[in-house]
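Here is a short report on the inside of a protein model.

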Amino acid sequence: MINYLWAFMIIIGIVYGAFTGKMSAISTTTISSAKEAVTLCIAMLGVMSLWMGLMEVARGIGLMDQLTRRLRPLLKVLFPDIPKDHIVNEYIASNMIANILGLGWAATPVGLKAMKELATLNKNSKLASCDMCTFLIINISSLQLIPVNIIAYRSQYGSMNPSDILGVSILVTFCSTLVGVAFSIIARKLSKKPKY
Amino acid sequence: MKFVVYLSDYIIPLLFFYIIGMGILMKRPVYDDFIKGAKEGFQVVLGIMPTLIGLMVAIGILRASGVLLLISNALDGVTSVFHFPSEIVPLVIIKMFSSSAATSLLLDLFKEFGPDSYIGRLSSIIMSCTETIFYTMAVYYMTAGVKKTRYTLAGALVATLAGVIISTLFMGLM
């Protein structure tokens, strides 16, 4: 998929550029873009290391565990089909907290564990369970509270105040997650009705 | 909305203050913990570096050749009805498939319009409230051996669309 997308972008660009006489612009851009990507990664090294360092300290003081426990009552509402003391509650909570704190690297492995457990609860059916749908919709609605990388990119490109989008983006993320949750709850109710 | 921008300045310093302060109160080796996490951060960035180089070159070629301009001109008629900048439409679509490809597009918008322009700010907010729908669904459902995903895609699209609409509304208020 990404193979075709990438090749397509380059081939279309060069063919179109040949017709519009932009070849010299393309050849300068090709080299300068590669250089720019490296400059950007150097700026990112600072911000990402700073953030992940802070999050490691947060984990050390038990912030992750504390938040995970706080999430329990909410999980009961969102995932009514999961047995109360099942380990999957733990996985889902950790996945959500890691997402909220912007720790993508910690969110995916535990999210996949959650998915495997949900599959066992679903008797390994090829049809997704309601809980799986809810879990993924919430995940995809983006839970990330502080978009560290976006702030880094903004500062790299000369923003006057790179983090001034933070308040609005938290509000929007909250709203879109709420819409995702509402959708999941309604879809769950509708899908449980007999079909005839 | 002024207040929200004002509050934005406080979130990160307060978070640092709270976490480091609590760490010291709990007698944690805060500096050692920090270094350990920072090392992991380093690895993460080094890991995405090749992807970013490849994709930024591809987007650079697209822009230099004028294809991106062609696309946004074509979309202008539709999006101007909703007061939505057509330059951001490709970003929203690509984000559903690949996060790093969307990042390259975002940076391209920053370069052309500046990160503090209306387009720069709106695209920053949209990037932070959306996820890679198709990638995430593929990875998670493959793990679970699920073939029929029922209403997951519909729900994900609704949440993403809500994010885009609400971002545009809030930006209009600022």
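A residue counts as buried when its relative accessible area is under 20%. The model discussed here is predicted.

By that cut-off, helix H5 of chain B has these buried residues: B:Ala101, B:Ala102, B:Thr103, B:Ser104, B:Leu105, B:Leu106, B:Leu107, B:Asp108, B:Leu109 and B:Phe110. H5(B) has 15 residues. From first C-alpha to last it reaches 21 Å, close to the 21 Å expected. What covers its buried residues comes from both chains. Chain A supplies H2 and H8, among others. The cover from chain B includes H2, H3, H4 and H6.

The largest nonpolar core has 112 residues. A:Ile92, A:Met115, A:Met132 and B:Tyr141 have the most contacts inside it. Helix H2 of chain A gives the largest share of this core, 13 residues. In general, nonpolar side chains tend to be buried together in soluble globular proteins.

What does A:Met132 touch, leaving aside its neighbours within four places in sequence? In chain A, the contacts are A:Met115, A:Leu118, A:Ala119 and A:Asn122. In chain B, they are B:Tyr141, B:Ala144 and B:Val146.

The structure holds 2 cavities of 30 Å³ or more.

How values were computed: Residues are numbered from 1 along each chain as its sequence is written. Chains are lettered from A and ligands numbered from 1 in the order in which they are written. This is a predicted model: local features need pLDDT of at least 70, side-chain atom pairs count only at pLDDT 80 or more; totals for chains, interfaces and linings use all residues. Side-chain values use heavy atoms; hydrogens and water are left out. A nonpolar core is a set of buried Ala, Val, Leu, Ile, Met, Phe, Trp, Tyr and Cys residues joined through side-chain atoms within 4.5 Å. Buried means under 20% relative accessible area, exposed over 50%, partly exposed in between (1.4 Å probe, protein chains only). Helices (H or I, at least four residues) and strands (E, at least two) are DSSP runs, numbered from the N terminus. Contact means heavy atoms within 4.5 Å. On a 1 Å grid over the protein atoms alone, a cavity is a set of points where a 1.4 Å probe fits but cannot get out, and a pocket is an open set with protein on both sides within 12 Å along at least five of seven lines; lining residues have an atom within 4 Å of a point. Grid points are joined across faces, edges and corners, and a volume is the space filled by probe spheres set on the points. The expected span of a helix is 1.5 Å times one less than its number of residues.
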